[in-house]
Every structure is written in structure tokens, then in C-alpha cells.
Amino acid sequence: MSDLEEPVSTGKRGDTRLRLMQAAERLFGERGLHAVTLKEINAAAGQRNESALHYHFGSKQRLVDAILNMRVAAVDRVRAARIDALTAARGTDDLRAVIRATFEPLTELLDTEEGVRFVRFAAQVLNDPDFDLPTVALKSGFRGIARANALIVAALGDLPPEVAIQRQRLMIEMVLTSLALWTRRPDAMANEPARRFFVEGLFDSVHGALSAPVSPETLAALKAAAKG
């Protein structure tokens, strides 16, 4: 088991549950949530009993939620440790450092095949109208996400709250979509210099998007939206 995985209960039931989640994550990431049937997931997990997935999860939505909770919890443990280290070094006033501590646990997923599977799965969830992944992430209650979010909100204190929230959503969408697109490259895992250049440019883009001045056009549009 890698650091990306959440520990599961031992025994046959726990093993079956994990195999179903791993199979679903791979298939969903490759084809999208609505293009994969529960029967296909059961088969890919080596389950002859077609009711196995329903027994363990009850529905496709609950299966997706279980995968997200398992993976996000594992990523967030790394993020929380990075935020703790940044706080100890008194670097929390540095927005670039906060961005790096927040998103490096995601960009480092590109280092492993398991991480790539999760990136592709998360991007499919992001693009599915039945899920609102940015809101789920921001309201998840995970310690690392909560602390990183608080630091970013503090750094954006001069922005109208509606703009700050919008930029946080865009930040999550941009990072996940960009990572998923990167995994399509044939040399995505092998070309370390190109990947480092991509990741550093992504951090620059996130910083720029968060810290950009608010234009008069945006303020006017915000005022009109508030009236509507």
C-alpha cells in the first residue's frame, strides 16, 4: 500500500472493498463517471457476484464519495504536514510558499501511476455536473485544506469576498484540469525536466490568478450580479 491510499480494514471484506474502489477509480478516470456501469466495475475488480458493489457502497455516488474520501484524506495528510512546516518557519505570509505547500501534494501525484489514476479520476469528477468538487474541497473539513484555505483567504483580504471565492474555485479547477491534461503526454512520467517546468509554471499561474488586481469590468459585473 502506498502513501496515497487510506488504510482499510483487513480481511476479505476490506480487500474486496478496496479492489472495487481501485477498479472504479481507473475506469472512471479513463472514461468518465456515466460511461462506466456497475457491472463493469465488478468485473474489473474480479467479482463474480454482480451485487458486490451495491453491497459495499449502495450506489455509484457513494462509491465516488468513498474514493474521494480515501484519496483526498491521504493527500491532505501530506498537505497538513507542509502547512505545519511552513507555519513553524514563519513563512505563512508568503503567498507563493502557501500555494506550493497547498498544491505540491497534488503535483507530486504525477510521480506515480497510482497518483496519475487519481488525478484522472478527480478531473472526471470535476467535469461531472452531478458533483461540485471545488465546493466539496473547500468545505471538506480536512485539516490541511482548511488551514491552507484560511491562509489564502487572509492573503486575499483586500479582495471583495465574492471575487476571492471565485478565484479559489478557479484555482482548484485550473490545477486539477492542468494535471489531468499533462498525464495525456506519452512522456508524462519519464520527462522529469519538462514536468518540473510545467509544475513551476502552474504555480506561477495560480499565484498570478489569485493576486491579480480586480478590474473595473469585474467590479461592474459583480455589482450587476448582486442586483440580479
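In the predicted model, the lining of the largest pocket comprises 20 nonpolar, five polar and two charged residues. Two or more lining residues come from each of the helices H4 (60-88), H5 (95-107), H6 (113-126), H7 (133-138), H8 (143-155) and H9 (161-182). Among these elements, H4 makes the greatest contribution to the lining of the largest pocket, with six residues.

The packing of H4 against H8, two of the helices that contribute to this lining, was examined next. Two packed helices are described by the angle between their axes and the distance between the axes. The axes of H4 and H8 come within 7 Å and cross at roughly 45°. The crossing of H4 and H8 is left-handed.

The loop between H4 and H5 contains Asp 94. The relative accessible area of Asp 94 is 41%, which lies between the limits of 20% for buried and 50% for exposed residues, so Asp 94 is classed as partly exposed. Asp 94 and Ala 150 are separated by 56 residues in sequence, and their C-alpha atoms are 13 Å apart in space.

How values were computed. Residues numbered from 1 in each chain as written. Predicted model: local features only at pLDDT ≥ 70, side-chain atom pairs only at ≥ 80, totals over all residues. Heavy atoms only, no water. Helix = DSSP H or I, 4+ residues; strand = E, 2+ residues; numbered from the N terminus. Nonpolar A, V, L, I, M, F, W, Y, C, P; charged D, E, K, R; others polar. Buried < 20%, exposed > 50% of the residue type's maximum accessible area, 1.4 Å probe, protein only. Axes fitted to C-alpha atoms, helices over the stretch in contact; angles between N-to-C directions. Left-handed = near helix turned anticlockwise from the far one by under 90°.
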